[in-house]
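Reader: I am new to protein structures and would like to work through one with you. Could you show it to me?

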Amino acid sequence: MATHTAEPTAGGAAVEHLTLEDRVWLLRAMLLMRGLEERAMTLYRQGKVPGSFYDGYGQEAVSAGAAFAMGPQDRLCILHRDLAAHLIRGVTPARILSQYMGRAAGITRGRDGNVHFGDRQLGCVGMVSMLPDMMLVATGMAMAFKLRGERRCAITWFGDGSTSRGDFHEAMNWAGVQKLPVIFVLENNQYAYSTPVEKQFAVDPVERAAAYGFVGVTVDGNDAEAMFEAARAARERALNGEGPTLIEAETMRMHGHAAHDDMKYVPKEQVEEWRKRDPIERQEARLRDAGVDIDALRAEVKASIDEAAEEALAGPMPDPSTATDGVFCSGEAEPLGDGQAPWSGFSSGGAA
Ligand SMILES: Cc1ncc(C[n+]2csc(CCOP(=O)(O)OP(=O)(O)O)c2C)c(N)n1
């Protein structure tokens, strides 16, 4: 039940479980996430992305590292700051940009908000916007896995603001009582819209895991390999019947709440301080030391985003006559898929 802080990785624990190819995949996923969101922001300013636009600039390691530790049969409830998780499961950049622009080739085929999506064939559950209801969805799935005796787990991400909601406590309690195979990733990015953490909670929220009877760990959320290692260990506990884990990922929301927010309420020095801990620069430095050609990787990622943008922009809007298709289930539900993750295969890849 101990609450402890994960050791920093710097060449340590995470590397034990990651090949060089895996470590490059972590960087690729983060570069893709940042590049796609930057492109989406440009498209938003050009009026091509309806609604507002939410991104996870500076937080890429949280979703990349944790999602990378999951196996094909695991289920992911992914939030709007966690695009790298979708990419790691195999959602293509063209489908993501099509989604943002409400096009027919988007994941929801033009339905719902631009960041509300999930491809169940890839193990990504459709995003529920009411925060943090996906904690309950993940807990429910984990309950089903336990009842069916299946060796798999569910994971979900949510922000610091979510911890003040009743749903957070309900999910934590039930997961603890039932010792469910579920991983809760608390993305502590210092602000919930304009509310800073000191006005959000009176205790470090990771302490709450012990109060509900399970392990809580605090991790440097700007370190993809540390995130991976914390999620890998949490998954191992989950599959061994040792119950849930709360991972508090310390990070910073480097952009406004969404495209419409200039975040005047955040002190500039705070942002500058966190800029020095950029997760992409950190992973690049490690891999450069390991002999990886970072420029070539960046060029590969940029080319794939350019191609995706071209494809998405050329794609049609949904046919209005299909607006009500897929809203209600008719007949047989599609079976859930196990993903076709493009990663080289974090070696346990669901087999553990
Ligand atoms: C129940 C509920 N109340 C309000 C909102 C509107 N809303 C969306 S994001 C957000 C801030 C969430 O802050 P936090 O949980 O810290 O996540 P962050 O945006 O910082 O990643 C709010 C208030 C919502 N989606 N659901």
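Reader: Is Lys-179 buried, partly exposed or exposed?
Author: Residues are numbered from 1 along each chain as its sequence is written, and side-chain values use heavy atoms, leaving out hydrogens and water. This is a predicted model, in which local features need pLDDT of at least 70, side-chain atom pairs count only at pLDDT 80 or more, and totals for chains, interfaces and linings use all residues. Buried means under 20% relative accessible area, exposed over 50%, and partly exposed in between (1.4 Å probe, protein chains only). Lys-179 has a relative accessible area of 43%, so the word for this residue is partly exposed.

Reader: Thanks! Where does Lys-179 lie, and what is its phi?
Author: Helices (H or I, at least four residues) and strands (E, at least two) are DSSP runs, numbered from the N terminus. Lys-179 belongs to the loop between helix H7 (166–178) and strand E5 (182–188). Most residues other than glycine have a negative phi. Lys-179 is not a glycine, yet its phi is positive, at about 50°.

Reader: Why does Tyr-193 get its accessibility class?
Author: Tyr-193 is placed in the loop between strand E6 (191–192) and E7. This residue is not a glycine either, and its phi is positive, about 50°. Its relative accessibility is 37%, so Tyr-193 counts as partly exposed.

Reader: Which class does Gln-200 fall into, buried or exposed?
Author: Gln-200 is in the loop between strand E7 (195–196) and helix H8 (207–211). Thr-163 is 37 residues from Gln-200 in sequence, and their C-alpha atoms are 8.3 Å apart in space. With a relative accessibility of 17%, Gln-200 is therefore buried.

Reader: What is the omega of the peptide bond from Leu-131 to Pro-132?
Author: Pro-132 is in the loop between strand E3 (124–125) and helix H6 (133–148). Most peptide bonds are trans. The bond from Leu-131 to Pro-132 is cis, with omega near -15°.

Reader: Which residue has a polar backbone atom 2.9 Å from a nitrogen atom of the ligand?
Author: A polar contact is a pair of N or O atoms within 3.5 Å; within protein, one must be able to donate a hydrogen and the other to accept it, and residues adjacent in sequence count only if both atoms are side-chain atoms. A ligand nitrogen is 3.1 Å from a polar backbone atom of Leu-131, and a ligand oxygen is 3.2 Å from a side-chain N or O atom of Asp-160. The residue at 2.9 Å from a ligand nitrogen, through a polar backbone atom, is Ser-129.
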